[in-house]
Structure formats: structure tokens, C-alpha cells
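Welcome, and thanks for taking a look at this one with us. Have the sequence and the model open side by side as you read.

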Amino acid sequence: MDTSLLVIDDLKKHYPARSGFGESKRFVKAVDGVSFSVARDGVFALVGESGCGKSTVARMILKLIDPTGGRVVFNGTDIATLKGDRLKAFRRSVQIVFQDPFASLNPRMRVIDTLGEPLIIHDLVPKNQLRDSVVRLLEHVGLGPEALMKYPHEFSGGQRQRICIARALAVSPELIVADEPLSALDVSIQAQILNLLQDIRRRSGITLVFISHDLNVVQYLSDEVGVMYLGRIVEMAKTEDLFASPKHPYTELLLRSVPKIRTVRAETPLPVGLKEGQADIPSPIDVPPGCPFHPRCAQRFERCDTEVPALIERNGRRVACHLYQ
Ligand SMILES: Nc1ncnc2c1ncn2[C@@H]1O[C@H](COP(=O)(O)OP(=O)(O)O)[C@@H](O)[C@H]1O
Ligand code: SF4
Ligand SMILES: [Mg+2]
């Protein structure tokens with residue numbers, strides 16, 4: 001039996017795309033058969049360029065949208081079957097932290113109300129202890145009690161993201177999905193928020209799905225990494241193994257892209273035969289035939305143009321590339 005907290009099984013989300021008169025119906029395959037699982041207390045990083053389907057996966061994990069196919073299994077239950085009290089409990093157990101901390105905070109609510117609201121909704125704290133609970137939450141994310149009566153605009157971007165993280169923590173969730181939580185922040189602040197997430201995870205044992213377009217930032221936080229390209233996972237491995245020897249040419253390309261937070265990988269030489277920015281990122285409406293990465297891959301050979309490589313496991317590594325099959 002799988003004891004993972006979260007199991008994603010062949011998850012798909014296809015949106016109808018606008019098509020011209022008389023044209024056959026087309027679909028945006030935003031997510032097209034993604035599978036992975038996350039151990040309790042583990043950190044899984046989902047990485048890929050903008051538009052590859054990361055947020056769509058996040059929305060399906062949170063049951064904000066329903067999948068076209070496949071399942072999200074949380075604590076052994078397919079979340080599609082949840083209703084009533086069990087759905088309410090699920091909504092408490094799984095929280096999200098978004099990219100833009102300003103857009104996700106109500107500008108007219110003081111911090112004490114923003115953080116107190118979920119405690120009241122879920123009936124977690126008696127009214128007379130609310131203030132103390134919120135002060136403790138603030139402490140968790142490195143903010144002092146002077147923040148209590150302030151409004152979002154009175155904080156910096158990094159502080160606002162700390163408040164969003166505190167709000168996610170308020171209901172003691174089992175899983176937090178952090179969807180590019182660093183992307184809207186100044187480079188100098190990103191490492192601080194990354195450290196905060198690392199701290200929280202160590203202290204509270206929360207399971208984390210960490211989403212990023214920058215592969216380099218996930219190195220120190222995640223246990224396992226799934227690299228997404230056009231709605232599919234093209235490589236999945238333990239973080240250590242992935243960084244020590246990336247297999248898929250796309251993973252190599254991502255590792256080569258300039259990291260925002262400086263890490264050891266920054267000096268890695270360009271892998272032989274890889275031409276960066278060789279072609280535009282194809283759209284998930286017109287996924288290229290064969291290997292979806294072939295228009296950008298300098299290692300491509302004949303078979304790549306026609307045959308889709310499956311994600312195959314070999315020696316504990318999973319790679320979707322004909323070079324490894
Ligand atoms: N509601 C929607 N209707 C149609 N297409 C969508 C919708 N949501 C996302 N998409 C498309 O699905 C693809 C994946 O989007 P998204 O999951 O937001 O990617 P990411 O988070 O990796 O940048 C994109 O091409 C996007 O335009
Ligand atoms: S299957 Fe071919 S085109 Fe695709 S990544 Fe591998 S070598 Fe490149
Ligand atoms: Mg996104």
C-alpha cells in the first residue's frame with residue numbers, strides 16, 4: 001500500500017481551444033498525464049518554464065478545478081469523492097501560498113483579521129485567545145506583534161509573503177502547495193523566504209509541494225524534483241541525483257539558465273551540443289509530434305521527430321528521452 005500523503009495519478013486537464021469555423025475541435029493540453037507522489041513530511045518540487053502546466057496541477061491538488069482525467073489521492077482518498085464535512089476538513093488540510101503576496105491579501109483587512117479569520121472559520125481558537133494565537137503565528141514567520149494592526153500596504157513584498165505563509169499555517173495544514181512563492185520578490189529577499197520555508201518544514205513537519213520556474217532554487221529545499229515540459233513530466237529524480245547528473249536535455253537547459261539566487265550550479269558549463277534559446281517554447285495547443293522537446297533539442301535524432309518518449313524508470317531515475325531507452 002502506498003503510504004504517501006499525496007498521490008497524483010495520470011492527471012490531465014484539457015481546455016477547449018478556440019478553433020476557426022469548420023475546423024475540428026482543438027484542446028489546450030495544459031496538463032497531460034502527470035503522476036508523482038509526495039511522502040508525508042517530504043518536499044516535492046515541480047519545475048518548468050512558464051505555461052508548462054504547474055499552476056494547473058496546483059489548482060487540481062487544491063480541488064479548485066476538476067481534472068479532465070486521472071486522480072488526486074490525499075491521505076488515501078480520491079479528492080473527487082469528498083463532500084460535506086470531509087471536504088471542509090480537506091480544505092483545511094491543504095493550503096496554498098501564491099506567487100503575488102499583494103494580490104492574495106485583502107487590502108482592507110488588518111493582519112490580525114487576515115490571520116484570525118481562518119482560526120474563527122475553522123473554530124480553532126476561542127475568541128479571547130485569538131490575539132495570542134495570531135501573535136504566535138507572526139512569530140513563526142519572523143514578524144513581531146507590531147504587525148497586528150497594520151494593513152498589507154504597510155509591509156514590504158517579503159513581509160507580505162511572510163503574512164501569506166502565516167495565513168496558510170494558521171489552520172495547521174498537512175500539506176502546503178507553494179506556487180512560485182519567490183517569483184514576485186526582490187532577489188535579495190528570495191533567499192530569506194526560502195530559508196523560512198525550510199525552517200517551517202523542519203519545525204512542523206509540513207509536507208510541501210514547491211513550484212518554481214527556476215530549477216536552481218529548489219536544490220536545497222526539495223527531496224525530489226519533477227521537471228515539467230508542455231504538460232508532462234520529462235524527468236523525475238531525487239534532488240541530489242538530478243543536480244549531480246541531469247539526464248534529460250531539457251533539465252540540462254534549465255540548470256544552465258541564469259539562477260536568480262546564486263548557487264553552485266551557476267558556473268556549470270553548457271552541456272555539449274545544447275543550443276540555448278534555439279527555438280521558441282511551443283504552445284500546449286500545438287504540441288510538436290514525437291518528443292515535444294525536439295524543436296529545441298540539439299541532441300535530437302530521427303526517432304525523436306515521430307515517436308513520443310515515455311517516462312521510463314531505470315536505475316531509480318525516470319526520464320522521458322529516447323537517449324535513455
Ligand atoms: N482556464 C484556462 N483556459 C484555457 N487555457 C488555460 C487555462 N488555464 C491555463 N491555461 C493554459 O494552460 C497552460 C498551462 O498554464 P499554467 O498551469 O498556468 O502554467 P504555469 O503555471 O506552468 O505557468 C498555458 O498554456 C495556459 O495558457
Ligand atoms: S527524445 Fe530526442 S528530442 Fe527529445 S529530449 Fe531526448 S534526444 Fe532530445
Ligand atoms: Mg503558474
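## Around the ligand

How many residues surround ligand 1, and which are the closest? This is a predicted model, and in it 13 residues surround ligand 1, the closest being Gly51, Gly53, Lys54, Ser55 and Thr56.

Some polar contacts can be picked out here. The side chain of Ser55 places an N or O atom 2.9 Å from an oxygen atom of ligand 1. The backbone takes part too: an N or O atom of Gly53 lies 3.1 Å from a ligand 1 oxygen, and a polar backbone atom of Cys52 is 3.2 Å from an oxygen of ligand 1.

Next, have a look at the open sheet, whose 4 strands come in the order 2-1-4-5 with antiparallel pairing. Strand 2 (26–38) and strand 5 (77–78) each have a single partner strand, so these edge strands are left with one side lacking a neighbour in the sheet.

Strand 1 (residues 6–17) pairs with strand 2 in the antiparallel sense over 10 bridges, and Leu6 stands opposite Val38 in strand 2. Helix 1 (residues 54–61) lies across strand 1, strand 2 and strand 4 (69–74), and runs at about 115° to strand 1.

## Helix 3 against helix 4

Helix 3 (residues 111–121) packs with helix 4 (residues 130–140) at an angle of about 110°, their axes 10 Å apart. The two helices are therefore roughly perpendicular.

On the helix 3 side, the contact includes Val111, Ile112 and Leu115; helix 4 brings residues including Leu130, Arg131 and Ser133. By class, this contact has 9 nonpolar, 2 polar and 1 charged residues.

Notes
Residues are numbered from 1 along each chain as its sequence is written. Chains are lettered from A and ligands numbered from 1 in the order in which they are written. This is a predicted model: local features need pLDDT of at least 70, side-chain atom pairs count only at pLDDT 80 or more; totals for chains, interfaces and linings use all residues. Side-chain values use heavy atoms; hydrogens and water are left out. Two strands pair if DSSP finds at least two bridges between them. Contact means heavy atoms within 4.5 Å. Axes are lines fitted to C-alpha atoms, for helices over the stretch in contact, and angles run from 0 to 180 degrees between N-to-C directions. Angles under 35 degrees count as roughly parallel, over 145 as roughly antiparallel, 65 to 115 as roughly perpendicular and the rest as oblique. Ala, Val, Leu, Ile, Met, Phe, Trp, Tyr, Cys and Pro count as nonpolar, Asp, Glu, Lys and Arg as charged, and the others, Gly among them, as polar. A residue is near a molecule or strand if one of its heavy atoms lies within 4 Å of it. A polar contact is a pair of N or O atoms within 3.5 Å; within protein, one must be able to donate a hydrogen and the other to accept it, and residues adjacent in sequence count only if both atoms are side-chain atoms.
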